[in-house]
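Biologist: I have not looked at this structure before. Could you take me through it by question and answer?

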Amino acid sequence: MADGKQALAELDALERRDPQQREEQLMQRLPQLLARAQAAPGWARILHGIDAQAVRSRAGLAQLPVTRKSDLKELQTREAPFGGLNSTPVRQLRRLFVSPGPIYDPEGHCADWWRFASPMKALGLAAGHIVQNCFAYHFTPAAFMVEGAAAKLGCAVIPAGIGQTELQVNAMAALKPDAYVGTPSFLKIIIEKAREMNADIGSVQRALVSAEALPPSLRNWFHEHGVPHVLQLYASADIGNIAYETMSEGAVNPGMVLDEELILEVVRPGTGDPVAEGEVGEIVVTSFNPDYPLLRFGTGDLSAVIAGASPCGRTNMRIKGWMGRADQTTKVRGMFVHPSQVADVLRRHGDVIKARLVVSGEMANDIMTLHCEVGDPQDPAIDAAAVAGSLRELTKLRGEVMFVAPGSLPNDGKVIEDARKYE
């Protein structure tokens, strides 16, 4: 019990640090992180020629290459099982996981390796609580993320896993867990089954959900069906907890608070270029994990930073949550067009602030138009023909160019919009 209270106190101190202090401490740790990563053969190749001691700021970090989740399968094929990205030898790890792909993920020995204690704490869980863990225990790491955090906080766990809905209901009715952890869709199925069975599962007043979207309508449905406190978190099998929702006086606060052991950047899809605060882009994470360091790891997910601190008192950066996928590669007239090619057009033409490639028309009659935000769309000095020429050279496809005023393009992270009609 004392250990659980100490864990809560330690987390609380980290989560409420002065933001400038947090930033300075993270930047001070960067050179050591890079040096440890470069000792692993996979990172040694990716970070070849980079002076670890010189990377001490976000600007320095932004010069490093982005390694995307979509690269992992190829890296792991080249060097099994973890692409040479693990800094702890394989046979010294605690667990080896197999995620869909297949992608292989490690787990080390330190307590709460996946850093799930913070989101569970945000839900109000502490020593003496019982958690029904309905993430899968088979091959994938999600259930073990919960297990590690529960052990740190002093919570008992019902290792329920997935499926067997009637047994899930019976376990809840008999063992009286305080919280459910798992996907939101499975919680809905359990509640509906409990109503069908006329079983009392009213002890479950809290739920921490992930791996699926939680629309407001479903959150309201949970409230109406006896689960008043529902928070979601954003995590991945490679990183563990990335960001999580919090509450103040029972109400969910805007956005998701970033985990304390990560540096998060939001970059323009297809590039490693950070976007302005509030602009939607791809989430890129640097993780200080001692066994599996990740440097500028592109998740492939879209989000945006929310300015200011959370009303709950946690001071770390907040993001809006999951807003879609960053990989917008689109086939046009039999050729693939990539977001990185649109970014290359921007690099050639400094007058273009932002661009969005819209593919319209009907199948077999594609129309490609590059919408470009420029300072003055009527300025004759800005050469649309030159931009169109760059677009053709880089994509091998003809396209039109349209200049628009700053702020005209949607802030949704899309670099390529497929607006074709398929009827």
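Biologist: In which sense do strand β8 and β9 pair?

Modeller: This is a predicted model. In it, strand β8 covers residues 229-236 and is joined to β9 by four bridges. A hairpin of three residues connects β8 to β9, and alanine 235 stands opposite asparagine 241 in β9. The sense of the β8 and β9 pairing is antiparallel.

Biologist: Which residue in β12 stands opposite tyrosine 244?

Modeller: Strand β12 takes in residues 256-258 and runs antiparallel to β9, with two bridges between them. The residue in β12 opposite tyrosine 244 is valine 257.

Biologist: Why is strand β9 described as largely enclosed by the rest of the structure?

Modeller: Buried here means under 20% relative accessible area. Strand β9 spans residues 240-244, and it is largely enclosed because the buried residues number five of the five.

Biologist: How many helices and strands does the protein chain have, and what is its radius of gyration?

Modeller: The secondary structure comes to 12 helices and 23 strands. For 423 residues the globule rule gives 22 Å, and the protein chain comes close to that, so it is as compact as a globular protein of that length. Its C-alpha atoms fill a box of roughly 75 × 55 × 40 Å along the principal axes. The radius of gyration is 24 Å.

Biologist: What share of the residues of the protein chain count as buried?

Modeller: The protein chain exposes about 18900 Å², of which carbon and sulfur atoms supply 53%. Of its 423 residues, the share that counts as buried is 51%.

How values were computed. Residues numbered from 1 in each chain as written. Predicted model: local features only at pLDDT ≥ 70, side-chain atom pairs only at ≥ 80, totals over all residues. Heavy atoms only, no water. Buried < 20%, exposed > 50% of the residue type's maximum accessible area, 1.4 Å probe, protein only. Pairing = 2+ DSSP bridges. Rg over C-alpha atoms; globule rule 2.2 N^0.38 Å. Areas by Shrake-Rupley, 256 points an atom, 1.4 Å probe, with all protein chains shown as cover.
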